[in-house]
Structures are given as C-alpha cells and as structure tokens.
Amino acid sequence: MLSFKKYITEKSTKLMTLLPYMADRGQVKTIRGLENPTLSEIERFIMNTKRKKIRFIVDKYKNMLAWDADVAIHDAVGNGEGWKMGEYEKGEVDKNKDKWTLRIFSAGRKGFTLKNKAIAELDKRKGTLTNILG
C-alpha cells in the first residue's frame, strides 16, 4: 500500500506557467501535468498527448514536473512553479511506435536527472534511446 505522502505527490496536478513573452504583464496559464510521477504514470500520460511527447524538469532534490510538450516550454513551467532558473535540468520523452527516446539537456549541470526514480527506470528499459545533450 502506498504511503499517504507518496499518494499525494504522485497525483496528476495543475502546473503554473509564466509565459516568457508576457512576463511583464504577469500572464500566467495553468496546464495539466504530473508532479513526481512514476514510470507507469508517465507511460499513461504520454499516450494521452497529441504527439506522444512530454517535457519535464528535475531539481537537485529529484523532484520532477512533467507536462505535454505541445503546451509549454521548460522555463515557462519552471518560472511559473517558482523554481529558480539554472537549478533544474530539462528533458523530453517521446514515443514513436515501440521506440522510446529520452533526451536530457544538462548544460554542464550535476546530472541529477538520472537519479530520479522514474527517469532512471525509463533509461534502463530495453529499447530506450537516451541522449544527454549539453
């Protein structure tokens, strides 16, 4: 049985985005996403996206936010959720037929994305192509 805390943190959630081109006017948009998802939640979520692609950010404490790639960019969600720029890593997951692709944009950071449990499981999966860019 899941602990109460784990149950709360793995539910689908609304994420705040701060649109970069409207920041001076405080344009905030709410989008559907996941907070600290498991691998099975990522798999279900990606199947419900238009292009079978999600974006995510992971902070140094291994907290993760994920959303439909067509809806918002990384920094818009990071800023909207109050995460400091440069203190999180960005990435994408897409599914094309039976092939999963994981891209991590590390930009010289510590590499803590692969320490997130769901991303580590996806990385170990047979048939997943992982690219670490930056």
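This is a predicted model: local features need pLDDT of at least 70, side-chain atom pairs count only at pLDDT 80 or more; totals for chains, interfaces and linings use all residues.
Asn 116 caps the N-terminal end of helix α4, placing a side-chain oxygen 3.1 Å from the backbone nitrogen of Ala 118.

Helix α4 itself spans residues 117-124, and its buried residues are Ala 118, Ile 119, Ala 120 and Leu 122. What do the buried residues of α4 pack against? Their partners comprise one helix, α2 (39-47), together with the strands β3 (53-59), β4 (64-68), β5 (88-96), β6 (99-105) and β7 (128-133).

Is His 74 buried or exposed? Its relative accessibility is 9%, and because buried means under 20%, His 74 counts as buried. Leaving aside residues up to four places away in sequence, His 74 touches Arg 55, Phe 56, Ile 57, Trp 67, Tyr 88, Lys 90, Gly 91, Glu 92 and Phe 105.

The charged end of Arg 125 sits over the ring of Trp 100, at 5.3 Å from the ring centre. As for pairs of aromatic rings, a search of the whole structure finds one.

The average pLDDT of the chain is 83, and 81% of the residues score at least 70. Strand β4 has the highest confidence, at 96, whereas helix α1 (residues 4-9) has the lowest, with a mean of 48. Over residues 6-10 the pLDDT is below 50, and this stretch has eight contacts in the model beyond near neighbours in sequence.

How values were computed: Residues are numbered from 1 along each chain as its sequence is written. Side-chain values use heavy atoms; hydrogens and water are left out. Buried means under 20% relative accessible area, exposed over 50%, partly exposed in between (1.4 Å probe, protein chains only). Helices (H or I, at least four residues) and strands (E, at least two) are DSSP runs, numbered from the N terminus. Contact means heavy atoms within 4.5 Å. A polar contact is a pair of N or O atoms within 3.5 Å; within protein, one must be able to donate a hydrogen and the other to accept it, and residues adjacent in sequence count only if both atoms are side-chain atoms. pLDDT is the predictor's confidence in each residue, from 0 to 100. Rings of Phe, Tyr and Trp (its six-membered ring) pair if their centres lie within 6.5 Å; planes under 30 degrees apart count as stacked, over 60 as edge-to-face and the rest as tilted. A charge sits over a ring if NZ of Lys or CZ of Arg is within 6 Å of the ring centre and within 35 degrees of the ring normal.
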